[in-house]
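Biologist: Before I use any of the labels attached to this model, could you take me through what stands behind each of them?

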Amino acid sequence: MSIETVENSVPAMPNPLNAKRRDLLLRITVPFVAIIVLIAIWATYVKVSGVPPYILPSPFAVAGALVSDWGTLSPALWVTTKITFMSLALALIGGVGFAIFLVQSRWIEIAFYPLAVILQVTPIVAISPLILIYAPSTQVALLICAFLVAFFPILSNMVQGLKSVDHNLINLFELYSASRWQTLLYLKLPAAQPYFMTGLRIGGGLALIAAVVAEFAAGSAGAGSGLAFRLLEAQYRMNIPRLFAALFMLSMLGVAIFAITSFISWLSLHRWHESSLKREN
């Protein structure tokens, strides 16, 4: 058998770049196709069944409401977005800071961690009337409610991450006479990064949910209200297409928050952590 025959019989190795592009294309295409199919089923059902638009509007009616009511819905979207991201930022600062405080001593954790648990297990709807009484404004009350809901997942994940550091590495730092702050900065915080990113993704979604629920509980109204008030307003007026349009905007905001937090997590972990590394098998 000649050398040329042997070379021709060897199968060509797949191009990793092409495989990566194909995988990315499938990840983008398949969800869009599924959504388009569901919308087509929705539109077909509305047309065939003849259900009234005040019960179930067609996708075209919802799209029309989204365009015609954009001047009303977009300011409300901005209010909800602002409260969500501000509460998430405060939850990140407070959760990480309080987690670092808790892990400094076992007695500190025993004394203060139950307080965070109590805040978490108490329904936000139950304590929102008190927050509305003591807060200087409705917007501040909404911000506090959203902060309280997003705070605990970040705190609990960060505490777990700081406590999950390899004890052999801690002993190595002690062997080299590293200070407590050096151990925290160069060992514990980097090791807790995957846990922090998990808390960030959970806290982002919960901050949006809490902002909407808090506005429902507060019953805020007027020009400075968010999408929750527009939902209630559309319900009271039986403007169901606008209600669906507001729900669509909330869903897209939630998807955007998840995409942003997932991208931040990927940027932080894809070079070294097992959860984000690409494997061949």
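Modeller: Helices (H or I, at least four residues) and strands (E, at least two) are DSSP runs, numbered from the N terminus. The model is predicted, so local features need pLDDT of at least 70 and side-chain atom pairs 80 or more, while totals for chains, interfaces and linings use all residues. Residues are numbered from 1 along each chain, and side-chain values use heavy atoms, without hydrogens and water.

Biologist: What makes helix 10 oblique to helix 11, rather than roughly parallel?

Modeller: The axes, lines fitted to C-alpha atoms over the stretch in contact, with angles from 0 to 180 degrees between N-to-C directions, come within 8 Å for helix 10 (residues 193-218) and helix 11 (residues 227-236) and cross at roughly 55 degrees. Angles under 35 degrees count as roughly parallel, over 145 as roughly antiparallel, 65 to 115 as roughly perpendicular and the rest as oblique, and therefore helix 10 is oblique to helix 11. Helix 10 contributes Val212, Glu215 and Phe216 to the contact (heavy atoms within 4.5 Å), and helix 11 contributes Leu227, Ala228, Phe229, Leu231 and Leu232. By class, seven of these residues are nonpolar, none is polar and one is charged.

Biologist: Why are helix 7 and helix 10 called roughly antiparallel?

Modeller: The axes of helix 7 (residues 138-163) and helix 10 come within 8 Å and cross at roughly 155 degrees, and on that scale the two helices are therefore roughly antiparallel to each other. The residues in the contact of helix 7 with helix 10 comprise 18 nonpolar, seven polar and one charged.

Biologist: How do you know whether Lys47 counts as buried or exposed?

Modeller: Buried means under 20% relative accessible area, exposed over 50% and partly exposed in between, with a 1.4 Å probe and protein chains only. Lys47, which lies in helix 2 (residues 16-49), has 74% relative accessibility and therefore counts as exposed. The C-alpha atom of Lys47 is 7.9 Å from that of Ser58, eleven residues away along the chain.

Biologist: What percentage of the 281 residues in the protein do buried residues make up?

Modeller: Buried residues account for 33% of the 281 residues. As for the contacts between residues at least 6 apart in sequence, 73% join residues at least 24 apart.

Conventions. Ala, Val, Leu, Ile, Met, Phe, Trp, Tyr, Cys and Pro count as nonpolar, Asp, Glu, Lys and Arg as charged, and the others, Gly among them, as polar.
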